[in-house]
Amino acid sequence: MQLLSSAYVVAALALCSLCLVTAQPQRGLAQPRGNSYDANAVILKQNFDLNPDGSYQYNYETSNGIRADEAGYLKNPGSQLEAQVMQGSYSYTGPDGVLYTITYIADENGFRAEGAHIPTPPPVSPAAAAPRRFFK
């Protein structure tokens with residue numbers, strides 16, 4: 001019986017040691033500085049409305065200039081073309097002092113985002129866009 005109790009004590013000590021090691025702060029991740037403008041940001045406005053049909057709207061604004069809004073709904077409910085649609089925008093001031101705004105939509109066609117700072121692919125020439133025949 002004494003041997004069994006000793007095994008439990010050793011197991012409990014090993015578990016406590018493991019918990020202590022894993023509870024250490026993560027290294028390599030930047031921690032917000034206490035005097036940072038972003039670290040002291042507060043939520044100025046926040047709304048969330050969920051409707052009985054599952055559609056929703058939310059928005060928020062913080063003291064450091066971050067703003068976001070989104071609306072979502074179920075498109076073609078009950079059909080084989082049923083799809084969740086979410087669209088909205090968010091904006092923030094970058095480290096360079098420029099206000100960045102992104103608008104987006106996610107639906108049955110995937111996620112698409114637009115913003116003045118987001119690169120776009122070059123236009124496709126008509127020759128490249130024309131259908132090609134691989135076999136004659």
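Does Thr62 count as buried or exposed, or what lies in between, and at what relative accessibility? At 13% relative accessibility, Thr62 counts as buried, where buried means under 20% relative accessible area, exposed means over 50%, and partly exposed covers the values in between, with a 1.4 Å probe and protein chains only.

The structure is a predicted model, in which local features need a pLDDT of at least 70 and side-chain atom pairs count only at pLDDT 80 or more, while totals for chains, interfaces and linings use all residues. Residues are numbered from 1 along each chain as its sequence is written, and side-chain values use heavy atoms, with hydrogens and water left out. The pLDDT, which is the predictor's confidence in each residue on a scale from 0 to 100, averages 79 over the protein chain, and 67% of the residues score at least 70. Confidence is lowest in helix 1 (residues 2–22), with a mean of 54, and highest in strand 2, at 96.

The protein chain contains two helices and six strands, these being DSSP runs numbered from the N terminus (helices are H or I, of at least four residues; strands are E, of at least two). Along the sequence, the elements follow the pattern α-β-β-β-β-β-β-α. Of the 136 residues, 14% count as buried, and the accessible surface comes to about 11,500 Å², of which 60% belongs to carbon and sulfur atoms; such areas come from the Shrake-Rupley method with a 1.4 Å probe, and for residues only the protein chains shown count as cover.

The six strands form an open sheet with the order 1-2-3-4-5-6 and antiparallel pairing, two strands being paired if DSSP finds at least two bridges between them. In general, strands of a sheet pair through backbone hydrogen bonds, either parallel or antiparallel. The edge strands are strand 1 (43–50) and strand 6 (110–114), each of which pairs on one side only. Within the sheet, strand 2 (residues 56–62) and strand 3 (residues 67–75) pair in the antiparallel sense over six bridges, and Tyr58 has Glu70 in strand 3 as its bridge partner.

Thr62 lies in strand 2, and its side chain makes a polar contact with the side chain of Asn64 at 2.4 Å. A polar contact is a pair of N or O atoms within 3.5 Å; within protein, one must be able to donate a hydrogen and the other to accept it, and residues adjacent in sequence count only if both atoms are side-chain atoms. Leaving aside its neighbours within four places in sequence, Thr62 is in contact (heavy atoms within 4.5 Å) with Val42, Ile43 and Leu44.

Ser55 is found in the loop between strand 1 and strand 2, and it counts as buried because its relative accessibility is 13%. The side chain of Ser55 makes polar contacts with the side chain of Asn51, at 2.9 Å, and with the side chain of Asp53, at 2.7 Å. Beyond its neighbours within four places in sequence, Ser55 is in contact with Asp49, Leu50, Gly72 and Tyr73.

Asn76 lies in the loop between strand 3 and strand 4 (83–93), and it counts as partly exposed because its relative accessibility is 36%. The phi of Asn76 is near 55 degrees, a positive value in a residue other than glycine. Most residues other than glycine have a negative phi.
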